[in-house]
Structures are given as structure tokens and as C-alpha cells.
Amino acid sequence: MTDTTSSISDLIEISEDGTAFYEEAAQKVKDKKVSTLFARLAKAKSELAAELSGEMKPAPKAGAKKAVKKPASSLGELSKVYAGMRKQWPDSPVERFTRMAEIEGQLQTTFQKVVLDRDHSFVVRVLAKQYVSKAEVLNKELRACQRNA
């Protein structure tokens with residue numbers, strides 16, 4: 001598996017983790033507006049994971065030229081953050097929204113890098129760009145919830 005394919009696999013996994021997190025979060029909160037926002041975040045991540053999965057290429061055959069390994073990214077750390085927040089749902093709404101905004105900001109930065117990375121296929125870069133556009137709107141709403149908490 002090339003590093004590019006591996007990073008797409010990581011992005012899919014993180015998107016799936018984010019979907020599960022936000023679906024659960026939507027059920028936990030009492031505020032309808034916040035619950036709706038979380039449901040929309042879950043849907044955006046679910047759609048992204050499905051679309052990226054459709055773009056996965058099979059691993060290269062034996063003897064194929066191996067890609068140069070890039071330095072490890074923080075993708076694994078982002079996945080752990082979702083899992084950690086699911087296990088320890090912060091009591092304080094301010095802390096909860098602050099942590100969510102940090103995670104989503106890091107993911108947005110990561111997807112911006114995918115958009116610019118020519119190692120990824122054109123379709124993957126377009127999907128990443130579409131997600132970034134959706135995420136910008138949703139992240140603004142998340143930060144507004146953070147300010148109002």
C-alpha cells in the first residue's frame with residue numbers, strides 16, 4: 001500500500017470515527033440546535049468517508065515500485081481524540097466545544113493539505129475540497145456554539 005493510499009485510509013477511518021462521535025453527541029445534547037449541528041457534522045463526515053472509500057485503489061502488486069515514506073502525520077492522534085471524547089464526554093459545554101473546534105480545525109488543515117497534494121488523485125482532491133467547503137460552514141456554527149456556551 002502506498003503512503004498516499006495509507007493516508008486516504010486514515011482519512012476514511014477518522015471520518016468514520018467522527019461520524020460515530022457526532023451521531024452519539026447529537027443524542028447526548030439537549031439543545032435541539034446543537035443536536036441538529038452535530039447531526040449535520042456526522043452526515044458530512046459519513047458522506048466523505050463513503051466517497052473516499054469509492055476512490056481507494058487496490059494495493060500495488062508485488063514487485064511494484066514502492067513510494068517514499070513520508071513523515072507520520074497527526075491523523076492517528078485525531079482519531080484518538082474522538083475516541084477520548086466519546087469515553088470522557090466533558091461536563092462543561094465550553095470545554096466540549098473548545099475541544100471539538102480544535103479537532104475540526106486540525107482536520108480542516110489536514111484536508112487542505114490533501115487538496116494541494118498532487119500525490120492524490122484529482123477526484124480525491126476534489127472530494128477533499130468539497131468537504132473543506134462544507135466543514136468551513138459547520139465549523140463556524142460550532143465556534144458560535146462555543147461562544148454561546
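Y22 is buried, because its relative accessible area is 0%. Buried here means under 20% relative accessible area, exposed means over 50%, and partly exposed lies in between (1.4 Å probe, protein chains only). F38 is likewise buried, with a relative accessible area of 0%. The model is predicted, so local features need pLDDT of at least 70 and side-chain atom pairs count only at pLDDT 80 or more, while totals for chains, interfaces and linings use all residues. Residues are numbered from 1 along each chain as its sequence is written, and side-chain values use heavy atoms, with hydrogens and water left out.

The overall fold comes next. The chain has five helices and zero strands. Helices (H or I, at least four residues) and strands (E, at least two) are DSSP runs, numbered from the N terminus. From that end, the elements run α-α-α-α-α. The chain holds 149 residues, and buried residues make up 40% of them. Contacts, meaning heavy atoms within 4.5 Å, were also sorted by distance along the sequence. Among contacts between residues at least 6 apart in sequence, 77% join residues at least 24 apart.

The largest nonpolar core has 38 residues. Such a core is a set of buried Ala, Val, Leu, Ile, Met, Phe, Trp, Tyr and Cys residues joined through side-chain atoms within 4.5 Å. Y22, F38, L52, M100 and F111 have the most contacts inside the core. At least two core residues come from each of α1 (3-28), α2 (32-54), α3 (75-87), α4 (93-116) and α5 (122-148). In soluble globular proteins, nonpolar side chains tend to be buried together.

Leaving aside residues up to four places away in sequence, F38 touches Y22, A25, A26, V29, W89, F97, M100 and L142.

Aromatic rings were then examined. Rings of Phe, Tyr and Trp (its six-membered ring) pair if their centres lie within 6.5 Å; planes under 30 degrees apart count as stacked, over 60 as edge-to-face and the rest as tilted. The count comes to four aromatic pairs by this rule. Y22 and F38 form a tilted pair, at 5.6 Å centre to centre and with 50° between the planes. This pair links distant parts of the chain: Y22 lies in helix α1 and F38 in helix α2, 16 residues apart. F38 also forms a tilted pair with F97, at 6.2 Å centre to centre and with 45° between the planes. Here too distant parts of the chain are linked, with F38 in helix α2 and F97 in helix α4, 59 residues apart. Both F38 and F97 are buried. Ring pairs join F21, Y22, F38 and F97 into a cluster.

Helix packing was described by axes. Axes are lines fitted to C-alpha atoms, for helices over the stretch in contact, and angles run from 0 to 180 degrees between N-to-C directions. Angles under 35 degrees count as roughly parallel, over 145 as roughly antiparallel, 65 to 115 as roughly perpendicular and the rest as oblique. The axes of α2 and α4 come within 14 Å and cross at roughly 25°. The two helices α2 and α4 are therefore roughly parallel to each other. Their crossing is left-handed. A crossing is left-handed if the near helix is turned anticlockwise from the far one by less than a right angle, and right-handed if clockwise. On the α2 side, V34, F38, K45, L48 and L52 meet F97, M100, E104, L107 and F111 in α4.

Helix α5 also packs against α2. Their axes are 10 Å apart, at an angle of about 170°. The helices α2 and α5 are therefore roughly antiparallel to each other. Residues making this contact include V34, L37, F38 and R40 of α2 and V124, L127, Y131 and K134 of α5. For α4 and α5, the axes lie 9 Å apart and the angle is about 160°. Thus α4 and α5 are also roughly antiparallel to each other. The crossing of α4 and α5 is left-handed.

Two single residues complete the picture. V34 is found in helix α2. V34 is buried, with a relative accessible area of 8%. Residues up to four places away aside, V34 touches V29, F97 and C145. The C-alpha atoms of V34 and E141 are separated by 9.1 Å, although the residues are 107 apart along the chain. A20 is found in helix α1. A20 is partly exposed, with a relative accessible area of 23%. A20 and S46 are 26 residues apart in sequence and 8.8 Å apart in space, C-alpha to C-alpha.
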